[in-house]
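Biologist: Hello! Could we walk through this structure together, one question at a time?

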Amino acid sequence: MSSSTYSQFVNHVRDIHRAQAIESVLEWDQETCMPRRGAAERAEQLALIAGIVHDRRTSDEFGGMIQRLAGSDAAGQDHVAATNIREMKRQYERAVRIPRQLVQELARTVALAKGAWVEAKRDSDFAKFAPHVERLLDLKRQVADLVGWGEERYDALMDEYEPGATSAAIQRVFDQLRAELVPFIQSLGRAPRQPDRSLLARHCPQAAQAELSRRFAAAIGFNFDAGRIDVSAHPFCSGTSPHDVRLTTRYREDYFPSALFGTLHEAGHGMYEQGLDPAHVGTPMGWAVSLGIHESQSLMWENMVGRSRPFWEHFYPDLQTAFPAMKDVPLDAFYFAVNAVTPSFIRVEADEATYNLHIVLRFGLERQMIAGTLAVRDIPDAWNAGMRDLLGVTPTSDAVGCLQDIHWSQGTFGYFPTYALGKLYAAQFFAAARRAMPDLDGTFRRGDFGPLLDWLRSNIHRHGQRYRAHELVKVVTGAELSHRPFMDYLAGKFRPLYGI
Ligand code: ZN
């Protein structure tokens, strides 16, 4: 390999990343501080940057570099170059196979579909949205066929979010999960002990919530010299490098867990970004593996740490000081309330036990929709039947049923499974961390989260995209992805709580 070709290639990749970083700061600004009247010009700015990113990613010059490098022995020499070339080749090939015309057609269709979805949801009328779903499915099938697929078309769409994942492998794990999780949740519902969730609706002032959220984020290891927290309607984490990570949260004075756990969740994403190797910034070796692995980091900090009893043994006195309304609530009642398991209609409000069943439903429907074996008009019935089978509840309207999520209006078929994979990865990683550090609970009880964060940094964050998600799971835990660690984690936490 000519080393000048490789350094040219790295410079080009870093420039693409920098253009995307500009895009992400503009988007962050739009969600957090931009005045309303800035929207029209901001859309033009974002479209301009998106065009620049697309042109750089698909230029003939870049294609030539990739071809020269992929054909050289660069890949064999060291894993850094091999990873960077492999990943940029994958992205380049995907991008050039989809003609500009189809990309624009998709963007237009999505813009219309979003408006139709908002209206259909407001009126709880799926028929208004159905033609848009039909059109989006058609375009996404074209995308899948252009980029190519092996066993199943849906895999080509998932590849955008969870590279290397296959429907067949995910279905196997989901089937095993479902077989155990459905009866487990039913048994919690029948348990003699039940939590009092009304405790969490006590009034807690926003300023105190903001102070506490910030303190928790710093305590678990989010570095405020390399990041910040602001407020937005929908919480998210974005950033431009390990040294500049932006989190957002939102406050509800009548439901403080929304801010507290939301901040721990986004801080978990943020700490992954801050833990990526700065030496590889802007290249695949300095990027997160996949959406599923990203979600594993946020969920571990939110649920396995933030909803654990040792965490609250340390922090509950601070919470009671910050929120005088909670003064008379004992730790055990609080701990039970934040871990309540209740089958419900809405995915984003679901607890950590029932959540994955919402995803099992969507994954099954999406596969059939892309394969064409489920007609769009039959989606509402299929949705409601699935909710009955999986969670024992029947949505009272399409607004709280098949119209609840924004994803289909954005054409992001194949995205949902990453949420459930995140939960399964998180449990499997956490079990491995416990084996490596048997006194993890003791460290949490002392308010010391450094050992877990260091373990995540060296076992996961520092690898960038060296491994695909399924490979990383094997490297870190010594086993293939399985539902078992997640079910063991749920049983270990909820059986004692519910007294079963
Ligand atoms: Zn997340």
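Biologist: With which residue does R100 form a salt bridge?

Modeller: Keep in mind that this is a predicted model. Side chains of opposite charge can pair when their charged atoms come close. For R100, the closest N and O atoms of the pair are 3.4 Å apart, inside the 4 Å cut-off. The partner of R100 is D55.

Biologist: How many residues apart in sequence are the parts that this pair ties together?

Modeller: R100 sits in helix α6, while D55 belongs to helix α2, residues 39-58. Because the two residues lie in these two helices, their pairing ties together parts of the chain whose separation in sequence is 45 residues.

Biologist: Into which domains is the protein chain divided?

Modeller: There is a domain 1 and a domain 2, and their C-alpha centres lie 26 Å apart. Their contact takes 36 residues from domain 1 and 40 residues from domain 2. As for the bounds, the division is domain 1 (3-148) and domain 2 (167-498).

Biologist: Which residue forms a salt bridge with E87?

Modeller: The structure holds 36 salt bridges, and the rule finds one across the interface of domain 1 and domain 2. In the pair that E87 forms, the closest N and O atoms are 3.1 Å apart. The partner of E87 is R468.

Biologist: Which helix gives the largest share of the side of domain 1 that touches domain 2?

Modeller: Across this interface, 16 residue pairs are in polar contact. Four helices each supply at least two residues of the domain 1 side: α1 (3-32), α5 (79-97), α6 (100-123) and α7 (126-147). The largest share is ten residues, and the helix supplying them is α1.

Biologist: Now for the metal: which residues coordinate the zinc ion?

Modeller: Along the sequence, the donor residues follow the spacing H-x3-H-x25-E. Two of them link distant parts of the chain, with H269 in helix α11 (residues 257-275) and E295 in helix α12 (residues 291-305), 26 residues apart. At 2.1 to 2.4 Å, the zinc ion is coordinated by H265 (NE2), H269 (NE2) and E295 (OE).

Notes. Residues are numbered from 1 along each chain as its sequence is written. This is a predicted model: local features need pLDDT of at least 70, side-chain atom pairs count only at pLDDT 80 or more; totals for chains, interfaces and linings use all residues. Side-chain values use heavy atoms; hydrogens and water are left out. Domain bounds come from an automatic or database domain assignment. Contact means heavy atoms within 4.5 Å. A salt bridge is a side-chain nitrogen of Lys or Arg within 4 Å of a carboxyl oxygen of Asp or Glu. A polar contact is a pair of N or O atoms within 3.5 Å; within protein, one must be able to donate a hydrogen and the other to accept it, and residues adjacent in sequence count only if both atoms are side-chain atoms. Donors are N, O and S atoms within 2.8 Å of the metal (3.2 Å for Na, K and Ca); water is not among the atoms, so sites may look incomplete.
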